[in-house]
Amino acid sequence: LLPHGEERGDAALEPGDDVRSAALELSTALRFYGAAVRSLYVTTNGIIAVNEPSSEEKYLGQFPVSFGAIAPFMADLDTTDGRGNVYYREDSSSDVLQLASDYIKRGFPETAFDPSSVVIVTWKLVAPFQAPGEDHALEQKRNTFQAVLASSDSSSYAIFLYPEDSLQFYSTYSKNGDENIPAMVGFSQASTNYYFWEKPGSYNVIANDEDSIRNLYKSSNAGKQGVWVFEIGSSSDSIVPAKVSTVLGSVESNEEDQEMTSKPFMSDYGSTEITQHFVTSSTDSTEEDQHLVTYRVPGLAAEGFLTSHQGVTGTPATESFYSPQNFPTAKAPPRQFRIQQFPPQPPQVIDVEEFDETGIVFRYHTDVQQTCANNRHQCSVHAICKDYPNGFCCSCIAGYKGNGRQCVAEGSPQRVNGKVRGRIFVGNNPVPVVFENTDLHSYVVMNQGRAYTAISTIPETLGYSLLPLASIGGIIGWMFAVEQQGYKNGFSITGGEFTRQTEVTFLHNNEKLVIKQRFSGIDEHGHLTISTEMEGRIPEIPSGASVHIEPYTELYHTSSSVITSSSSREYTVTEPERDGVASTYTGAYQWRQTISFDECIHDESLHSAPATQQLSVDSVFVLYNRDEQILRYAMSNSIGPISDGSADISRNPCYTGTHNCDTNAVCRPGTGNRFFCECSIGFRGDGNVCYDIDECSEQPGLCGSNADCNNQPGTYRCECVQGYQFAADGRTCVGESH
């Protein structure tokens, strides 16, 4: 939410059930359906009226409304006896204008809109009207939401903001009848009065049923959960919703993905009504996300209407965070989807079904017979599947990174676990050091691109000599390197499913070491898995020595499912002190590597990253602990354009890792050195401090009957109680005899 409250100079609406403000005179006129509005009225009932509103019994439960309104949540709300507050103000301070502009540009990236004034109305912890004898559990539920109206001299935008879990009720009791009426979200142009009749204005409905209202804070048309952006007035006299491709990529207008119906329609006043479902990818909804938008266009022939319908579902989309000191416990296995697409003849419907399935071998090189209809489970639960003439492709939804087959929440720390084995000769020793089944654990602070890797039970005779080879763990740094605009790190390209073969040649005595690594994607615990094999000879570094590695860059060349790179690196060895003197020397090696992975060959947009990218690695730290026999590597990584170090590359704190965002937050770069922090999915807070959401306590019954809900950092896990097991749907616990 934008800053609000009396400490920000807001006026507060009087407490009550049907209260409206005096006219709020605007310094900059609001453009609304092509007309200039110079004053607004704020009401208790979740609307901003463009003319003085009538009493609530005349408009609640009806839409459009005659007086014209902007409705982020029109319902019978009640702030009597301290049950919430409604704040409002007009603001032209630079910080607020910038915040509003940033939201608008998320939804309309091409716009050059520069607001001169912003109206902010905040309904904070407001309660529903309580009917006599109604369930008092509803009385405890409160809603918080905000409408921001930003205007320049020529155009205006509306931003509706719904913080996570901020909508706890979706309908209110009707005073006109014994029923609950769903809230209404939308826009309504004022009616035009003639001598003997009234002509309703145009209107747009965004959400008007409990399912779609429930998903307002889980969905978006601007690429960020809970953010809805609309152009509400300019040279056009209609409402234009944002359509950011990263969110709406799953619902592009596509004949194969639409249900088209034509029905008789009798228009009022010679107008045609066009009803369109705007659908967004929900990142953690188990319900279908549909948002009904209705345009009324005066003067057109009444020949029917077109309905474009597509459903996208999701599951609780959270990733785990663990401190570097604590290795993770089990996390819920990723839940997959099956999409069934009916035969290609109108009407066509996509039916989405969720089920558990792990350990699937995934190949992207599909033939013409393979489609999303029978391969949707190949995509991550946090991805969409799209058909192409010769196959299908997966792509991660907004808020997630990866190749579509594997997706992780943006900004969430990552864990990599695996095993290491090796047969390595050290120096001139004729007997190799052999080790098997050694543990590798890596922890990545994604918003800093910093990777910490530990390899345990490495004998002292080998541990110090492996210190220069920081890139054993450096591959993990490449996977989660901070991405500069337009560039992709290893996980965005490969989804953590690839093989890597590396040849290291030490330049002094020509020793060679071959490293083979296989990354197998995300396991049932939500961690990436890696296996590593090393064989060859390396120079000996004496026990007790320390190694320093200067920052370095490395070019990665991508071509047809293969990535190659080569570089030369130097390292400085400081030997243990002898007689108070510590001698140092410099070593060097050449590094060549080849990374092979499966890519989707059907979607050209997936190959948008430049063929050559530069990985920049700094703050390299290497250490061997002889007491614990643990080898540790740490480094910070970013990927971007080729630079010789003198070029003025972007130094935004998001790219350099010098921001102050929480470990569980995404750093979003702005212009220049501006940035803002956004808590990762599964966490809430202001971005500087993020707290884990305890889904189990906040949503009792989340796992259903016969199951226990176990909260995990950033997520939760459902486990069937003793004597029960998951049914085929992967969600319902049934008796083991079933």
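How many disulfides does a search of the whole structure find? The search finds 10. The model examined here is predicted. Its overall make-up is described before the individual links.

The protein chain holds 9 helices and 47 strands. Of its 738 residues, 55% are buried. Contacts between residues with a separation of 6 or more were also examined, and 64% of them join residues 24 or more positions apart. The accessible surface of the chain comes to about 31,800 Å². Carbon and sulfur atoms account for 47% of that surface.

Strand pairing was examined next. Strands of a sheet pair through backbone hydrogen bonds, either parallel or antiparallel. A69 has S188 in β13 as its bridge partner.

The loop between β2 and β3 (35-42) contains Y33. Phi of Y33 is near 50 degrees, a positive value in a residue other than glycine. Y33 counts as buried because its relative accessibility is 4%, below the 20% cut-off. The loop between β4 (48-49) and β5 contains P64. A cis peptide bond joins P64 to F63, with omega about 5 degrees. A positive phi is also found in L125, near 55 degrees. L125 lies in strand β8 (residues 117-128). At 47% relative accessibility, L125 counts as partly exposed.

A further antiparallel pair is formed by β34 (residues 546-549) and β36 (residues 562-574), over 4 bridges. S546 has T574 in β36 as its bridge partner. Strand β34 has two faces. V547 and I549 make up the covered face, while S546 and H548 make up the uncovered one.

Helix α1 (residues 94-107) was checked for length. At 1.5 Å a residue, its 14 residues should span 20 Å. The end C-alpha atoms are 20 Å apart, which agrees. The buried residues of α1 are V96, L97, A100, S101, Y103, I104, R106 and G107.

The chain also has separate nonpolar cores. The largest has 62 residues. Within this core, L466, L469, W478 and Y633 touch the most other members. Residues up to four places away in sequence aside, W478 touches N489, G490, T494, F498, Y556, I563, I595, L615, N637 and I639. A second, separate core has 43 residues, including W123, F145, A158 and Y170.

A disulfide is a covalent bond between the sulfur atoms of two cysteines. C372 and C385 form one such link, with their sulfur atoms 2.0 Å apart. The torsion about the S-S bond is about -95 degrees, so this disulfide is left-handed. C372 lies in helix α4 (residues 372-375) and C385 in strand β23 (residues 383-388), 13 residues apart. C372 counts as buried at 5% relative accessibility. C385 is buried too, with a relative accessible area of 16%.

Another disulfide joins C393 to C600, with an S to S distance of 1.7 Å. This link is left-handed, with -80 degrees about the S-S bond. C393 lies in strand β24 (residues 391-396). C600 lies in the loop between β37 (584-597) and β38 (612-625). The pair therefore ties together parts that are 207 residues apart in sequence. Both C393 and C600 are buried.

The link between C703 and C718 has an S to S distance of 2.0 Å. It is left-handed, with -80 degrees about the S-S bond. C703 lies in the loop between α9 (695-698) and β44 (707-712). C718 lies in strand β45 (residues 715-720), so the pair ties together parts that are 15 residues apart in sequence. C703 counts as buried at 9% relative accessibility.

Notes:
Residues are numbered from 1 along each chain as its sequence is written. This is a predicted model: local features need pLDDT of at least 70, side-chain atom pairs count only at pLDDT 80 or more; totals for chains, interfaces and linings use all residues. Side-chain values use heavy atoms; hydrogens and water are left out. The expected span of a helix is 1.5 Å times one less than its number of residues. Buried means under 20% relative accessible area, exposed over 50%, partly exposed in between (1.4 Å probe, protein chains only). Two strands pair if DSSP finds at least two bridges between them. Contact means heavy atoms within 4.5 Å. Accessible areas come from the Shrake-Rupley method with a 1.4 Å probe; for residues, only the protein chains shown count as cover. A disulfide is a pair of cysteine sulfur atoms within 2.5 Å. A nonpolar core is a set of buried Ala, Val, Leu, Ile, Met, Phe, Trp, Tyr and Cys residues joined through side-chain atoms within 4.5 Å.
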